[in-house]
Amino acid sequence: EGLVGSEMCIRDSFVSGLILLVERPIKVGDWIEAGGTSGIVKKISVRATEIETFQKQSVILPNSELINSLVSNWTHKYRGGRIDIPIGVAYGSDLGKVREILMGIATEHKMILKNPEPFVYFKNFGDSSLDFELRFHISDIMKLPVISTDVRFAIVEALRNNGIEIPFPQRDLHIKSGSLAAAPAADAVA
């Protein structure tokens with residue numbers, strides 16, 4: 001007779017656990033995103049993997065989910081990575097000055113790599129802003145929250161000190177004068 005529901009799940013998780021333990025696409029200490037969870041792998045057993053979220057919650061994922069679904073491993077072969085920080089500035093801003101400020105912040109930060117060199121990307125003409133992205137590499141992606149926060153604080157301060165506005169979304173409303181005809185009532189149209 002064939003395996004039924006839960007027996008099949010147990011078998012799949014067991015086989016997946018063996019794959020994880022032998023091939024090691026995920027190992028203890030890796031930062032992964034899987035099954036809607038992001039955190040550090042704490043333990044890999046034959047049937048399930050324990051992930052500790054950054055809020056210190058333990059999440060147990062069946063190994064079959066780690067083998068059969070999309071898994072992002074931030075630290076699999078290399079602990080470094082790229083951070084992209086979007087910034088919008090007001091139309092009419094001095095774009096050369098914006099680039100200079102952003103590059104200065106990136107090159108002066110001690111934890112941002114010089115090679116590959118940081119880059120300022122003029123991404124788009126947005127509805128309410130000229131949209132840029134500051135891209136830079138760091139040697140340890142686990143420090144992403146600290147470094148990106150440092151950079152964001154520095155950007156806000158430097159733009160403010162240079163009179164460059166970070167706009168909020170805006171909409172223009174045009175009102176035309178004239179008479180509005182009243183729509184017939186729904187019951188009058190019968």
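1. Tyr91 is partly exposed, because its relative accessible area is 44%, where buried means under 20% relative accessible area, exposed over 50%, and partly exposed in between, with a 1.4 Å probe and protein chains only. Tyr91 sits in the loop between strand S6 (81–89) and H3, and together with Leu95, Phe122 and Phe125 it makes a nonpolar surface patch of about 400 Å². Patches are made of residues with over 30% relative accessible area and no salt bridge, like charges being joined within 9 Å and nonpolar side chains (Val, Leu, Ile, Met, Phe, Trp, Tyr) within 5 Å.

2. Please keep in mind that this is a predicted model, in which local features need pLDDT of at least 70 and side-chain atom pairs count only at pLDDT 80 or more, while totals for chains, interfaces and linings use all residues. Residues are numbered from 1 along each chain as its sequence is written, and side-chain values use heavy atoms, with hydrogens and water left out.

3. The chain has four helices and eight strands, which follow one another along the sequence in the pattern α-β-β-β-β-α-β-β-α-β-β-α; helices (H or I, at least four residues) and strands (E, at least two) are DSSP runs, numbered from the N terminus. Of the 190 residues in the chain, 34% are buried. The accessible surface comes to about 12,700 Å², with 55% of it belonging to carbon and sulfur atoms, as computed by the Shrake-Rupley method with a 1.4 Å probe, where for residues only the protein chains shown count as cover. Among contacts (heavy atoms within 4.5 Å) between residues at least 6 apart in sequence, 60% join residues at least 24 apart.

4. Five strands form an open antiparallel sheet in the order S4-S3-S2-S1-S5, and its edge strands are S4 (58–62) and S5 (72–73), each of which pairs on one side only; two strands pair if DSSP finds at least two bridges between them. Strand S3 (residues 48–53) runs antiparallel to S4 and is joined to S4 by five bridges, with Glu50 standing opposite Ile60 in S4. The covered face of S4 carries Val59 and Leu61, whereas Ser58, Ile60 and Pro62 lie on the uncovered one.

5. How many residues lie between S3 and S4 in their hairpin? There are four, and Lys56 in the turn has a positive phi of about 70 degrees, a value to note in a residue other than glycine. Lys56 counts as exposed because its relative accessibility is 62%.

6. The structure holds eight salt bridges, each being a side-chain nitrogen of Lys or Arg within 4 Å of a carboxyl oxygen of Asp or Glu. Side chains of opposite charge can pair when their charged atoms come close. Lys42, Glu52 and Lys56 are linked in a network of such bridges: the N to O distance is 3.3 Å between Glu52 and Lys56, and 4.0 Å between Lys42 and Glu52. This last pair links distant parts of the chain, with Lys42 in strand S2 (residues 37–44) and Glu52 in strand S3, ten residues apart.

7. Another salt bridge joins the side chains of Asp140 and Arg79 (3.6 Å, N to O). Asp140 is in the loop between strand S8 (130–138) and helix H4 (144–161), while Arg79 is in the loop between S5 and S6, 61 residues apart. Arg79 counts as partly exposed because its relative accessibility is 38%.

8. His109 lies in the loop between helix H3 (95–108) and strand S7 (119–125), and is buried because its relative accessible area is 14%. A polar atom of the His109 side chain lies 3.1 Å from the backbone nitrogen of Met111. Not counting residues up to four places away in sequence, His109 touches Lys114, Ile147, Asp150 and Val151.

9. Leaving out residues up to four places away in sequence, Gly88 touches Ser129, Leu130, Asp131, Glu165, Ile166 and Pro167.

Technical notes. Polar contact = N/O pair within 3.5 Å; in protein donor to acceptor, adjacent residues only side chain to side chain.
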